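Colleague: Thanks for making time for this one. Could we go through the model together, starting with the charged pairs?

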Amino acid sequence: MKSLKVVQSTFDAIAEEIHSDQSPVGIDAKKTHIIILDKLLQLEERLKQIEAKLEAKDD
């Protein structure tokens with residue numbers, strides 16, 4: 001699936017950021033979830049801004 005492909009340098013940077021030697025699965029789950037939630041909150045805010053602009057345009 002093309003939309004799921006990640007540039008190798010981006011992949012490596014993310015992998016390095018969430019890696020944990022102390023975790024049995026090799027990643028820091030808490031840090032990973034925080035990053036995901038932060039990105040979702042950023043997307044939500046951007047969508048709100050876009051929706052507000054579209055509503056203002058319709059008026």
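Modeller: Happy to. Keep in mind that this is a predicted model.

Colleague: How many salt bridges does the structure hold, and which side chains meet there?

Modeller: The count for the structure is one salt bridge. It links distant parts of the chain, with one partner in helix H1 (residues 8-18) and the other in helix H2, 14 residues apart. The N to O distance is 2.8 Å, and the side chains that meet are those of Glu17 and Lys31.

Colleague: Are Glu17 and Lys31 buried, partly exposed or exposed?

Modeller: Buried would need under 20% relative accessible area and exposed over 50%. Glu17 has 41% relative accessibility, and Lys31 has a relative accessible area of 32%. Both values lie between the cut-offs, so Glu17 and Lys31 count as partly exposed.

Colleague: Where do negative charges gather on the surface, and where is Asp59 placed?

Modeller: The patch of negative charge on the surface consists of Glu51, Glu55, Asp58 and Asp59. Asp59 has a relative accessible area of 82%, so this residue counts as exposed. Its place in the chain is the segment after H2.

Colleague: And which residues form the nonpolar patch on the surface, and in which helix is Leu37 found?

Modeller: The nonpolar patch is formed by Ile36, Leu37, Leu40 and Leu43. Together they have about 380 Å² of accessible area. As for Leu37, the element is helix H2 (residues 29-58).

Colleague: What share of the residues counts as buried?

Modeller: The protein has an accessible surface of about 5,700 Å², with 60% of it belonging to carbon and sulfur atoms. Of its 59 residues, the share that counts as buried is 7%.

Colleague: Last one: how far apart are the mean positions of the positive and negative charges?

Modeller: The protein has 9 positive and 12 negative charges. Taking the mean position of each set, the separation is 5 Å.

How values were computed: Residues are numbered from 1 along each chain as its sequence is written. This is a predicted model: local features need pLDDT of at least 70, side-chain atom pairs count only at pLDDT 80 or more; totals for chains, interfaces and linings use all residues. Side-chain values use heavy atoms; hydrogens and water are left out. Patches are made of residues with over 30% relative accessible area and no salt bridge: like charges are joined within 9 Å, nonpolar side chains (Val, Leu, Ile, Met, Phe, Trp, Tyr) within 5 Å. Accessible areas come from the Shrake-Rupley method with a 1.4 Å probe; for residues, only the protein chains shown count as cover. A salt bridge is a side-chain nitrogen of Lys or Arg within 4 Å of a carboxyl oxygen of Asp or Glu. Helices (H or I, at least four residues) and strands (E, at least two) are DSSP runs, numbered from the N terminus. Lys and Arg count as positive and Asp and Glu as negative; His and the chain ends are not counted. The place of a charge is taken as NZ of Lys, CZ of Arg, CG of Asp or CD of Glu. Buried means under 20% relative accessible area, exposed over 50%, partly exposed in between (1.4 Å probe, protein chains only).
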